[in-house]
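Student: Could we go through this structure together? I'd like to begin with its pockets and then move on to the rings.

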Amino acid sequence: MAKRIFIYLILALMLPNIALCFTEGMTLTENLTNLVLPAGLLMLLASVSGNAGKTVWLMFPFVFFAAFQLVLLYLFGEGIISVDMFLNVVTTNTGEIEELLGNLVPAVAGVFVVYIPLLVVASVAMRRGALLPPAFRHKAVRLGCAATAAGTVLLAVCYATAGGYRILTRLYPANVCYNLALAVGRSAVSANYATASAAFTFHARSTHPADSTEVYVLVIGETARARNFSLYGYSRNTNPLLSRTPHLTVFTDVTSQSNTTHKSVPMLLTAATADDFSRLYHEKGILAAFREAGFHTTFISNQLPNHSFIDFLGMQADDCIFLKKEGDERRDISDLQLVRKLDEVLARRRKKEFVVLHTYGSHFNYRERYPRRTAVFLPDDKTDAKYENRAELRNAYDNSIVFTDRVLHDIISSLKRRGAQAAMLYTSDHGENLFDDSRRLFLHASPRASIYELHVPFLLWLSDTYITAYPDNAAAVSANRRKRAESSVTTFHTILQLAGIDTPYADRSLSVADTSYAARQRKYINDHNEPQPLPY
């Protein structure tokens, strides 16, 4: 029994290595290294203890990595477990995880079939005290040493022949362990944010008349991609209300600098970008800037707090409200509740108001993001993340966009009723893959971001009274609408300019509400927080 468990363990742990040989586009030498060296080291590790069952549980982190890796390959078809994926796990609430795993039946079932029996038989063997025969252990050690030696030679060849080869980025599971260490380090930095940013100040001041009544609303969408908005030429009418809304400017070519929420939203709320992301760790956000300038600030989220930078930046507002924290955390709350909360804020009739609304938008499971009675595109019942279900998944996704259209329309209507000089800027944190091409990618946060994840809607509405008061800003907005832009860069500076807030940290050349705005080389922040030119 112990010998079979030993062999089972090695084969189960090597499955990701085998799969990655087909997905990562490595050279023959790299593939051989990725098979031979880890196999040798795993055999040596598994031979340390004669108790095979105990060994399995001691090596449980590698079992977990293997299972996690295979699920990700099922989803994205490529890539190792990234730093961002580890951070996504710790910043995603249990309800979202359950919702996702419940619709990944093939991948989860496959992982269960392979790895759960291993853990079960290991537990049985440990209770029975099943031991590896000494001769078998010695043979395993000799084979492990031989494979490790051969793998080391192959590794040397990789360093000599493959330009830029690094064991910490190319060899599984060393790369996964390295990424986990980086994720732990980033979590520690974020935990220290309150201390690091405590003394920071924008030195912000308002340049608009003190007696003018102003309301500015930043709406952050979730998982909404531009190509499924009829405002962007989509064949389905997913924007029946916004398409008839006066003074709504549609920016046609805008990308996000990240396909993950925990990076993209903080970049929308701060001056941090792919080029200088580390400033996020010690600078405050746009809510603090508005507060310094004399505005009453409110952050309202339809997502659960997760002890991330989104929470930290939201709590810099005068009022910070998490709708799901106030109610049943597992109950779906409509984004229309954000509009109702906005109405309560506007009913206070303060002179200067800035509100950030963080929606739940089009987050998977799409079918849960809108009331059933509002569904336009049917059928939309199938939710398993399978290519065969792509038509119904797309229907559900499009229905979520139609509902977002309603939410944004109602926000604009609320601002109109207030009668103030007002502006609303809407953009999404990132887009989504919907089995769009031969790669069959689904969801977001894929290791190599696709254009479907990065092309986001960027909509700006100005009230009649705002256009009258600040015609130059309104004219610049119209003039810049077809220029390339990055939501992660321009949102912060655009909102500050619209509100007339002066601070040394504002750059008008990055604001689409300024005549000096010019398109730049667009970038994307990779898993190791390095800026990369965007190829799209």
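Student: Which helix gives the most to the lining of the second largest pocket?

Tutor: That is α9, with three residues, where helices (H or I, at least four residues) and strands (E, at least two) are DSSP runs numbered from the N terminus. Please keep in mind that this is a predicted model, in which local features need pLDDT of at least 70 and side-chain atom pairs count only at pLDDT 80 or more, while totals for chains, interfaces and linings use all residues. Residues are numbered from 1 along each chain as its sequence is written, and side-chain values use heavy atoms, with hydrogens and water left out.

Student: How much space lies in that second largest pocket, and which residues are closest to its centre?

Tutor: About 750 Å³ of space lies in it, and of its 34 lining residues, Ile80, Pro447, Arg448, Asn526 and Asp527 are the closest to the centre. On a 1 Å grid over the protein atoms alone, a pocket is an open set of points where a 1.4 Å probe fits, with protein on both sides within 12 Å along at least five of seven lines, and lining residues have an atom within 4 Å of a point.

Student: OK, rings now. How many aromatic pairs are there?

Tutor: The structure holds 33, counting rings of Phe, Tyr and Trp (its six-membered ring) whose centres lie within 6.5 Å; planes under 30 degrees apart count as stacked, over 60 as edge-to-face and the rest as tilted. In one of these pairs, the rings of Tyr281 and Phe309 have centres 5.7 Å apart and planes at 35 degrees, so the pair is tilted.

Student: Where do Tyr281 and Phe309 lie in the chain?

Tutor: Tyr281 is in the loop between α12 (261-269) and α13 (286-292), whereas Phe309 is in helix α14 (residues 309-314), so this pair links distant parts of the chain, 28 residues apart.

Student: Is Phe309 buried or exposed?

Tutor: Phe309 counts as buried, at 9% relative accessibility, since buried means under 20% relative accessible area, exposed over 50% and partly exposed in between (1.4 Å probe, protein chains only). Phe309 also forms an edge-to-face pair with Phe312, at 5.7 Å centre to centre and 75 degrees between the planes.

Student: Last topic: which residues is Asp410 in contact with, leaving aside its neighbours within four places in sequence?

Tutor: They are Leu336 and Val339, where contact means heavy atoms within 4.5 Å. Asp410 lies in helix α17 (residues 390-418) and is buried, with a relative accessible area of 18%.

Conventions: Points joined across faces, edges and corners; volume = space filled by probe spheres on them.
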